[in-house]
Amino acid sequence: MLTLTELKPTIEENVRTALLEDVGNGDITAELIPASDQKKARVISRQTAVICGQAWVDEVFRQVDPDVKIEWLVRDGDRVERDQVLFRLEGSARSLLTGERAALNFLQTLSGTATLSHDYAQRVAGTPVTLLDTRKTIPGLRMGQKYAVSCGGCSNHRIGLYDAFLIKENHIMACGGIEQAIETARRNHPGKPVEIEVETEAQLERALVAGADIVMLDNFSPKRMVAAVAQTAGRAKLEASGNITDATLLDYANTGVDYISIGALTKHCQAVDLSMRIIEE
């Protein structure tokens with residue numbers, strides 16, 4: 001699981017980019033308000049959700065105005081209800097309004113990812129399978145979404161193209177075969193996990209004999225998955241992928257495979273509905 005300490009440089013860069021595109025060379029609307037005006041505000045959730053993104057919100061207001069005070073009433077991973085207050089703000093009215101959109105964009109998107117991941121995790125609760133995300137993430141927000149997936153109760157596949165092998169059909173063709181691809185992977189980067197995709201039982205056996213760490217079973221039916229688990233007999237970890245729907249997820253979870261990868265965790269997330277309101281005193 002990614003930690004916020006590891007993510008600190010990424011969060012800072014995410015926020016710099018977001019503020020550059022939103023604020024540019026100045027918030028001309030916020031400048032309508034006297035610079036001396038101090039206000040309080042609160043942010044609420046308009047729906048049931050799992051919250052994620054506290055560090056991104058904190059960083060937005062740190063970069064906009066480090067004098068803004070934030071009081072969090074929830075933590076990443078908490079499930080909240082409709083109209084629940086998430087945090088309170090106090091500081092320059094200009095700063096609160098300038099940081100509002102960027103802060104809520106991060107919080108609503110990452111909370112959407114965490115909420116969807118939580119929903120999927122609940123569907124397979126009680127089974128031994130681990131649900132994994134994929135690289136189908138929002139450009140520039142991969143690390144945040146990977147963190148959000150774990151806040152929702154699912155797990156991370158590889159982070160990118162650099163930390164583990166995932167040898168798919170086109171790689172196999174270009175390398176000259178399953179055995180050649182695995183052998184070259186071991187030679188080029190000893191110690192890196194080697195996963196390879198197969199489409200048939202015969203390819204599965206070749207991958208096992210060649211020493212793959214993980215075999216991705218692409219578009220296998222649940223019945224074929226059960227047979228593949230028996231064929232593998234613990235020689236490698238197995239991952240189910242392809243054409244797995246809400247209706248069939250539990251069937252695949254009960255086949256005995258170790259992992260199910262689901263691109264929807266990050267690419268189908270829907271932003272949580274949040275609202276910030278200035279508190280009249």
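Student: How many aromatic pairs does the structure hold?
Tutor: There are two aromatic pairs. Rings of Phe, Tyr and Trp (its six-membered ring) pair if their centres lie within 6.5 Å; planes under 30 degrees apart count as stacked, over 60 as edge-to-face and the rest as tilted. One caution: this is a predicted model, where local features need pLDDT of at least 70, side-chain atom pairs count only at pLDDT 80 or more, and totals for chains, interfaces and linings use all residues. Residues are numbered from 1 along each chain as its sequence is written, and side-chain values use heavy atoms, leaving out hydrogens and water.

Student: Why are the rings of Trp56 and Tyr147 called tilted?
Tutor: Their planes are at 40°, so the pair is tilted, and the ring centres are 6.0 Å apart.

Student: And where do those two sit in the chain?
Tutor: Trp56 is in helix α2 (residues 54-64) and Tyr147 is in helix α4 (residues 142-151), so to speak distant parts of the chain, 91 residues apart. Helices (H or I, at least four residues) and strands (E, at least two) are DSSP runs, numbered from the N terminus.

Student: Is Trp56 buried or exposed?
Tutor: Trp56 counts as buried, at 0% relative accessibility. Buried means under 20% relative accessible area, exposed over 50%, and partly exposed in between (1.4 Å probe, protein chains only). Tyr147 counts as buried too, at 6% relative accessibility.

Student: What about the rings of Trp72 and Phe87?
Tutor: Their centres are 4.4 Å apart and their planes are at 35°, so that pair is tilted. Trp72 belongs to strand β3 (residues 69-72) and Phe87 to strand β5 (residues 85-92), so the pair ties together parts 15 residues apart in sequence. Trp72 is buried at 17% relative accessibility, and Phe87 is buried at 1%.

Student: Back to α2: which residues there are buried?
Tutor: Ala55, Trp56, Val57, Glu59, Val60 and Phe61 are buried. The buried residues of α2 pack against α1 (4-23), β3, β5, α3 (93-123) and α4, with contact meaning heavy atoms within 4.5 Å.

Student: New topic: at what angle do α7 and α8 pack?
Tutor: Helix α7 (residues 201-210) and helix α8 (residues 222-232) pack at about 30°, with their axes 11 Å apart. The two are therefore roughly parallel.

Student: Which residues make that contact?
Tutor: Glu201, Leu204, Glu205 and Leu208 of α7 meet Arg224, Ala228, Gln231 and Thr232 of α8.

Methods:
Axes are lines fitted to C-alpha atoms, for helices over the stretch in contact, and angles run from 0 to 180 degrees between N-to-C directions. Angles under 35 degrees count as roughly parallel, over 145 as roughly antiparallel, 65 to 115 as roughly perpendicular and the rest as oblique.
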